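Please examine the structure shown below. The questions after it ask how particular descriptions follow from their definitions.

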Amino acid sequence: MDKENFLKRYSCDVVANNFSNAGKGSSDIKKNLKLLNIDPAIIRRIAIVSYEAEINLVIHSLGGKLHCDIYEHKIIIISEDIGPGIPNVELAMTEGYSTASSSVREFGFGAGMGLPNMKKWSDDFNITTKKTGTEISMTINI
Amino acid sequence: MDFSILLDSDKCRGCTNCMKKCPTQAIRIKNEKAVIDKNKCIYCGECIKACPYNAYSPYEVNKNDFVETKFSIAIPSTALYGQFPKGTEICNIQNSILKLGFDYVYDESYAAELTSKAIARKISESEGVKPIISTNCPAIVRLIKIRYLSLLDNLITVESPMEIAARLAKHNAHENFDVCSEDIKIYYISPCPAEMLSITNPIGTKKSSIDSVIPLNSIYGDIYREVCKNTKLCNSTPSIKGIKWAIAGGQSETINVSSYISVYGIENIIDILEEIENGKLHDIDYVELSVCTEGCVGGIFNVENPFIAKRNIDYIIKNTKETFNAGISDEVFNDLYEKNFFDIEIIKEDTNKRKLTLAEAVERMERIEQITALLPGLDCGSCGSPTCRAYAEDICDGHADLYGCILLKANKKRLNSEEL
Ligand code: SF4
Ligand code: SF4
């Protein structure tokens with residue numbers, strides 16, 4: 001990691017299963033990036049990936065954190081959780097595949113577009129997962 | 001005149017009510033009086049509604065101006081038709097406007113119907129960007145230009161009925177009455193401060209075809225008195241589809257899109273814009289947004305309660321035969337459409353903001369956060385800024401100083417006295 005160009009980190013906690021607050025974290029990230037005058041097209045992409053990541057944390061994880069790391073020429077959105085891990089990443093990366101329960105789907109979430117969408121809008125997408133936690137990092141170049 | 005909201009500083013008591021309600025934090029209290037930052041104001045009128053002392057007013061119009069104009073055309077907003085008792089004939093209202101001294105009254109509903117047609121066509125031709133957002137409410141377009149820049153491409157590139165009506169009215173008068181265009185002046189009777197501003201500062205690049213805007217409530221009494229005198233029946237043939245534009249949802253119904261949402265109220269609208277920015281709602285074709293309650297019938301220069309005005313419009317819709325009489329055939333419409341007659345170009349605002357590098361912007365942000373941490377976080381507003389955070393920004397940018405915060409000042413005094 002190139003420490004020298006690192007400028008700032010915004011972080012927020014995401015609580016599992018709290019649908020009323022889902023989207024608050026990514027909304028705050030977006031607000032801050034707007035205040036920094038980041039290009040609107042870049043903000044739009046960050047909004048989408050951070051929102052999807054946050055919703056994933058709410059639906060699938062036991063809780064976690066969302067970070068937004070600002071570097072001179074890129075922004076990295078990192079989602080980290082405390083489990084339970086994704087059993088089959090390849091399958092989860094398939095469009096349309098979803099493990100969301102039907103009650104979750106009634107909220108309109110969990111259509112299985114989360115991970116593929118996050119990858120689609122990132123310039124660089126990395127995921128590591130084990131039972132004790134998943135970390136996803138999405139880089140968007142500016 | 002380029003500013004449609006005036007403050008009577010004798011009436012203003014610096015109470016902070018307006019500042020707290022302003023959705024873009026455009027208001028500060030300086031020397032106990034409200035001050036609006038033009039660059040941030042979207043002309044939504046929330047401040048006018050919030051002021052308990054009626055300190056705000058739309059700009060004064062010279063009321064007899066149109067009498068002296070060689071050829072004056074009045075275009076009443078379709079919202080006006082909802083301001084009279086249920087059952088009032090539209091042509092009676094129009095005749096009454098004529099009696100005030102206008103040479104011609106052009107019905108906006110025709111233009112609104114054509115606008116719907118143009119929008120429907122644009123939507124059918126558009127590919128990619130979804131959902132498409134209506135440009136009818138100028139306050140919303142301004143909001144998007146200030147805060148939701150990434151959604152600029154979602155805005156439909158069709159002018160609002162008000163502008164289309166003015167273009168058509170000028171054209172018609174020129175053809176039918178043999179007056180030269182320079183002698184024609186268009187007066188739009190409007191329920192809305194944002195529309196008033198659109199005349200001098202149109203949201204698209206082109207110059208507005210409207211010459212002057214009359215706030216609806218400033219002329220309502222004169223029209224009303226005439227309406228009462230004039231009770232004879234007449235056959236008015238407004239465009240029912242067009243009249244629907246006065247109420248929330250009417251626009252989408254007329255455009256006939258399969259999947260739409262219609263939202264009013266500034267907080268609700270901000271929520272929806274956030275959702276769109278997050279990539280949701282791409283399964284929706286059209287998003288109709290209006291700042292005012294129930295749409296333009298809720299515009300703040302109206303006189304009737306929005307819900308009652310909506311009922312009045314509903315009554316007109318139910319009791320008028322569905323006709324379309326804009327005097328424009330499909331052929332002519334197509335021709336106009338091809339010639340971009342309906343088009344609006346949404347330009348990106350050229351903010352004079354000094355461009356900071358990202359590193360500088362981050363540094364500024366950190367200073368703001370540091371200052372915010374010093375403040376009590378009560379958002380009391382007595383410093384003259386709407387929130388502690390906004391106050392910290394003001395301090396950071398040199399527009400305020402730290403000891404404008406009364407609590408901090410009191411603490412400092414206490415600390416000083418403890419030291420003694
Ligand atoms: S019109 Fe709206 S945006 Fe402008 S100052 Fe008033 S409340 Fe704020
Ligand atoms: S609401 Fe605003 S304009 Fe009205 S008195 Fe209070 S500070 Fe002044």
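The following questions and answers set computed values against the definitions used.

This is a predicted model in which local features need pLDDT of at least 70 and side-chain atom pairs count only at pLDDT 80 or more, whereas totals for chains, interfaces and linings use all residues. Residues are numbered from 1 along each chain as its sequence is written, chains are lettered from A and ligands numbered from 1 in the order in which they are written, and side-chain values use heavy atoms, with hydrogens and water left out.

Q: What makes chain B as compact as a globular protein of its length?
A: Chain B contains 17 helices and 11 strands, where helices (H or I, at least four residues) and strands (E, at least two) are DSSP runs numbered from the N terminus. The radius of gyration of chain B is 24 Å, close to the 22 Å that the globule rule gives for 420 residues, so chain B is as compact as a globular protein of that length. The radius is taken over C-alpha atoms, and the rule is 2.2 Å times the number of residues to the power 0.38. Along the principal axes, the C-alpha atoms of chain B fill a box of roughly 85 × 50 × 40 Å.

Q: How much of chain B counts as buried?
A: Buried residues are 54% of the 420 residues in chain B. The term means under 20% relative accessible area, against over 50% for exposed and in between for partly exposed (1.4 Å probe, protein chains only).

Q: Why is E11(B) described as largely enclosed by the rest of the structure?
A: Five of the five residues of E11(B) are buried, so this strand is largely enclosed. B:Tyr286, B:Glu288 and B:Ser290 point one way, while B:Val287 and B:Leu289 point the other way.

Q: What makes E7(B) and E10(B) edge strands?
A: The open sheet has three strands in the order E7-E11-E10 (chain B), with parallel pairing. Strands E7 (132-133) and E10 (260-264) of chain B each pair on one side only. Pairing requires that DSSP finds at least two bridges between two strands. E7(B) is joined to E11(B) by two bridges, and E10(B) pairs with E11(B) over five bridges. B:Ile133 stands opposite B:Val287, and B:Ser262 stands opposite B:Glu288.

Q: Why do B:Cys388 and B:Cys396 count as buried?
A: B:Cys388 is buried because its relative accessible area is 11%, and B:Cys396 counts as buried because its relative accessibility is 12%.
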